[in-house]
Amino acid sequence: MDNGIIQVTISSPDGIVTGIQYNGIDNLLEVEDEEVHRGYWDLVWSKTGSTGTTGTFDVFKGTSFKVVVETEDQVEVSFTRTWDISLEGDVVPLNLDKRFIMLRNSPGFYSYAIFEHLEEWPPFNLPQVRIVFKLRKDKFHYMAVADNRQRFMPLPEDRLLDRGQPLATPEAVLLVNPVEPEFKGEVDDKYQYSSENKDLKVHGWISLNPPVGFWQITPSSEFRSGGPIKQNLTSHVGPYCLAMFLSAHYAGEDLVLKLNPGEPWKKVFGPVFLYLNSVSSEDNAFSLWEDAKNQMLRETQNWPYSFPASEDFPKPDQRGKVCGRLEVQDRYVSYEPIPANGAYIGLAPLGDVGSWQRECKGYQFWTRADEDGNFTIDNIRTGEYNICAWVPGFIGDYKYDVVVNITEGCDISLGDLIYEPLRNGPTLWEIGIPDRTAAEFYIPDPDPKYINKLYVNHPDRYRQYGLWERYADLYPDGDLVFTVGISDYKNDWFFAQVNRKKEDGTYQGTTWQIKFMLRDVDHTGTYTLRLALATAHLAELQ
C-alpha cells in the first residue's frame with residue numbers, strides 16, 4: 001500500500017506487516033528480525049475448562065488475501081483465516097479477518113480485525129488479543145506514553161543475562177552493564193509504562209536521526225475489555241509499540257474471555273491508527289509528541305470512522321445516543337440530592353452491579369459527568385445495555401434498573417437518575433478516598449538499588465519496582481497500627497497490604513490494626529465495616 005507519503009508492505013496471504021517506508025527510511029521496522037516478528041496481530045487461546053491467563057500463543061496468519069476497496073482516495077485489504085472442524089484442537093475456533101486501510105494524503109495506516117465464532121463450534125478461552133510493532137533499535141530510542149511519562153530507553157541487549165540481572169518477575173531486570181552507561185543501576189520493566197484505558201489514546205517512539213515519530217493512536221475504547229480504569233501495556237524496550245485489545249493484566253482470570261458451549265460471538269477490534277510524523281531538524285524532534293497528541297484529537301473527533309468497508313463496523317448514522325443526569329442521594333451527607341460531579345458513566349453489556357469491570361465479550365461506552373451530573377454518551381452500537389456508574393468520593397457501584405435498548409439513530413433522554421450509596425448509618429470514620437485508586441496512601445521511596453529515574457518525585461511513583469519489600473523496612477518488628485483521629489492515611493497507611501519478607505527469605509502474613517474510640521456504643525445496633533479493594537493477587541482477606 002503506497003500513497004506517496006508512506007509505503008506499507010504486507011505479506012500475502014499471511015497479513016504480516018514486513019516493511020514501513022517513510023521519510024527516507026527504507027524500513028522503520030526491525031530489519032534484523034525475521035519478517036514475521038515485525039508488525040503483527042496475535043492472540044492467546046486455551047481450551048475450555050482450562051484455568052489461568054496463559055495458553056497457546058498464535059501470531060495468526062491469513063490463508064486468503066483480498067483487495068476490498070481500491071479507489072483514488074482509499075485502499076482496504078483483507079487477510080482472512082477460516083476455521084473448520086478438521087482444525088479442532090490445533091487452531092482457535094474463530095474466523096479471523098485482519099484489515100488494513102490507507103487513505104489519500106494520510107501519513108499512516110489503520111488496522112482492525114473481525115473475530116467470529118459460530119454457535120456450533122467448540123467453546124474456548126481467549127486471554128489476549130493485540131497488535132505488535134517492533135521498531136528499529138538503531139533508530140527509535142525515545143519513548144513517550146504521556147506528557148510526564150517519556151524518556152530515552154535502554155536497548156534490548158541490556159536485558160540479556162550478560163548485561164542485566166533478572167528480578168522477582170521476568171519482566172523486571174536490573175541494568176548492570178548496559179551498552180549506554182547512563183542506564184546503569186536502573187530497573188527496566190514494561191509494566192512501569194502501563195496506562196488506564198481512559199488515558200491510553202496515543203503512545204509511541206521518536207527517532208532523532210532522522211527525526212521521525214511512530215505512534216499508535218486508539219481513538220475509542222469501545223472495543224477494549226474491562227472498562228475505563230483497566231490498565232494495559234503501551235510501549236516498552238524492544239522498541240515495541242502495542243495496541244492491546246484484550247488482556248488479563250492487573251486483573252487475572254476474571255478478564256479471560258470464556259465462551260460457553262453453543263455461544264455465538266463476533267467482535268470488531270479497532271480500527272486503530274498507526275501514525276507517522278517528522279520534522280526537518282533534530283532540535284525539534286520532541287515536538288513530534290505534541291503533533292501526535294493533536295493527531296489523536298483529530299482521530300477521536302472523527303470517530304466512528306465512515307471509511308471502514310466491513311458491515312460489522314457501524315457508521316455514525318447507524319449508532320445511538322443517550323443523555324441524562326446523575327445525582328447522589330445520601331441523607332447522611334445532605335438532605336438534598338448531590339450532583340454526581342465527575343462521575344464515570346457508561347453503557348456496558350447486561351450483567352450484575354459492577355460486572356463491567358470483568359466484561360470482555362461486548363462493547364462499552366463511557367464518559368464523565370459535568371459538575372452538575374449531566375452526561376451525554378453518543379456513537380453507541382445498537383443492542384441492549386446496562387447504564388453503569390461510579391462517583392468519586394462515594395463507595396460502591398451504580399446500575400440503572402432498566403435495560404436500555406439502543407437502536408440506529410436513537411436519542412434517548414433518561415432524565416434524572418439517583419444513586420444511593422451503600423451504608424447502614426452515619427460514617428464514624430473513614431480511611432482514604434473511595435475513588436478506585438490507592439494513590440492517596442503512603443507510597444514509599446524505592447530501594448536506591450532498584451530505581452527508575454523517570455518516577456523519582458513523580459505522581460505515578462507507585463510504579464517503581466519492589467515497593468512491596470519496603471514494608472518490612474518500615475515495620476521491622478510489628479505490623480501497621482492506624483489510630484483514627486491521630487494517624488494520617490497519607491503517611492501512616494501503606495498503599496498495599498503485603499507480606500513481610502524475613503531474613504531467611506521466607507514470608508509471613510501481616511495483620512493490620514485500626515484503633516478507634518466510640519464514645520457511645522449502641523449495643524443493640526449493627527456496625528458495618530466496608531472495604532474497597534483495588535486488586536487482590538495470591539491473597540486471602542480474613
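Trainee: From which domains does the lining of the second largest pocket draw at least three residues each?

Mentor: Ground rules first: this is a predicted model, where local features need pLDDT of at least 70, side-chain atom pairs count only at pLDDT 80 or more, and totals for chains, interfaces and linings use all residues. Residues are numbered from 1 along each chain as its sequence is written, and side-chain values use heavy atoms, with hydrogens and water left out. A pocket is an open set of points on a 1 Å grid over the protein atoms alone, with protein on both sides within 12 Å along at least five of seven lines, and lining residues have an atom within 4 Å of a point. With domain bounds from an automatic or database domain assignment, the lining draws at least three residues from each of domain 1 (6-302) and domain 2 (316-419).

Trainee: Which residues are closest to the centre of that second largest pocket?

Mentor: The pocket holds about 610 Å³ of space, a volume being the space filled by probe spheres set on grid points joined across faces, edges and corners. Two elements give two or more residues to its lining, β26 (365-368) and β27 (374-380); strands here are DSSP runs of E with at least two residues, helices are H or I runs of at least four, and both are numbered from the N terminus. Of the 23 lining residues, the closest to the centre are S220, S221, F365, W366 and T367.

Trainee: How many residues of each class are in that pocket's lining?

Mentor: Ala, Val, Leu, Ile, Met, Phe, Trp, Tyr, Cys and Pro count as nonpolar, Asp, Glu, Lys and Arg as charged, and the others, Gly among them, as polar. For the second largest pocket that gives seven nonpolar, 10 polar and six charged residues.

Trainee: Which strand gives the largest share of the lining of the second largest cavity?

Mentor: That cavity holds about 40 Å³, and among its lining residues are L200, R224 and V272. By class the lining has seven nonpolar, three polar and one charged. The largest share, four residues, comes from β20 (residues 240-246).

Trainee: Why is the pair of Y471 and F494 edge-to-face?

Mentor: Rings of Phe, Tyr and Trp (its six-membered ring) pair if their centres lie within 6.5 Å; planes under 30 degrees apart count as stacked, over 60 as edge-to-face and the rest as tilted. Both Y471 and F494 are buried, meaning under 20% relative accessible area with a 1.4 Å probe and protein chains only, against over 50% for exposed and partly exposed in between. Their centres are 5.4 Å apart, and the pair is edge-to-face because the planes are at 70°.

Definitions and conventions
1 Å grid on protein atoms, 1.4 Å probe; cavity = no way out; pocket = protein on both sides within 12 Å on 5 of 7 lines; lining within 4 Å.
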